[in-house]
Amino acid sequence: TSSSGSSCTTLPTETAGPYPADGSVASNQTLNALTLSNFVRSDIRTSVDTASGTATGLPLTVKVQLANVNNSCAALEGYAIYIWHCTQDGRYSMYSSSITNENYLRGVQVTDSTGLVSFQTIFPGCYLGRMPHIHFEVYPSLSKATSASNKMLTSQMAFPIATCNQVYDNVSGYSSSASNFDQISFATDNVFSDGYSTQMLSITGNNTDGYVATLTVGLAV
């Protein structure tokens, strides 16, 4: 693990995209999920605050470990990580038609003593023009995780092609993702085309029990 001194690498800064809901202006709106009640949670499949919808899809556990590249990859405790991603059919809560009142598939966790956060979610779909991905932002503390103006890093996580094919071709609810995935590649993706090796998730699991995806994120602190 990173806390025992293994290698860690800083990730490239990527766009937050048009659907961040982090207090910044995006899609001609200024939405902020970070200030919602009960938004700090591990299971992000169900909406919080005044919403109550639940996103359907194959279970996915996302584990992110934060490590200090300036200190032998020592674990970074007490940092806040905000993740968000699309539904199994490629839509984003708070922005996409029919789910503007939902806020699922978004959430914040605080890194523990090993620098780790864990989210329970669903395997994201693939929409036209993008490889499957998860957005995330890193904040120096939970108290700072209220606005994009305080973020330390914005980046994206990538998924292995073989796993995406396995899910999209065989799991109910992902048929549109299968079609979209056939039309995109890392070479033509407008975010990952310049490289994605440090952003690639390590994934284990299957289509029956779901998957576990892990990534180590290095920060120069």
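1. A nonpolar core is a set of buried Ala, Val, Leu, Ile, Met, Phe, Trp, Tyr and Cys residues joined through side-chain atoms within 4.5 Å, where buried means under 20% relative accessible area, exposed over 50% and partly exposed in between (1.4 Å probe, protein chains only). The model discussed here is predicted: local features need pLDDT of at least 70, side-chain atom pairs count only at pLDDT 80 or more, and totals for chains, interfaces and linings use all residues. Residues are numbered from 1 along each chain as its sequence is written, and side-chain values use heavy atoms, with hydrogens and water left out.

2. The largest nonpolar core comprises 46 residues, and Phe123, Phe136, Met157 and Tyr168 have the most contacts inside it. Two or more residues come from each of strands S3 (59-68), S5 (80-84), S7 (116-122), S8 (133-139), S9 (153-158) and S11 (210-219), and from helices H1 (161-168) and H2 (175-181). The greatest contribution, five residues, is that of S11. Helices (H or I, at least four residues) and strands (E, at least two) are DSSP runs, numbered from the N terminus.

3. Contact means heavy atoms within 4.5 Å. Leaving aside residues up to four places away in sequence, Phe136 touches several residues, including Leu11, Ile81, Trp84, Leu153, Met157 and Val217. A second, separate core has 18 residues, among them Ala16, Val48, Tyr95 and Tyr139.

4. Cys8 is joined to Cys73, with an S to S distance of 2.1 Å, and the link is left-handed, at -95° about the S-S bond. Cys8 lies in the segment before strand S1 (22-26) and Cys73 in the loop between S3 and strand S4 (74-75), so the pair ties together parts that are 65 residues apart in sequence. Cys8 is buried at 15% relative accessible area, as is Cys73 at 8%.

5. Asn68 belongs to strand S3 and is buried, at 8% relative accessibility. A polar atom of the Asn68 side chain lies 3.2 Å from the backbone nitrogen of Val221. Apart from residues up to four places away in sequence, Asn68 touches both Cys8 and Cys73, as well as Ala74, Leu76, Leu219, Ala220 and Val221.

How values were computed: A disulfide is a pair of cysteine sulfur atoms within 2.5 Å. A polar contact is a pair of N or O atoms within 3.5 Å; within protein, one must be able to donate a hydrogen and the other to accept it, and residues adjacent in sequence count only if both atoms are side-chain atoms.
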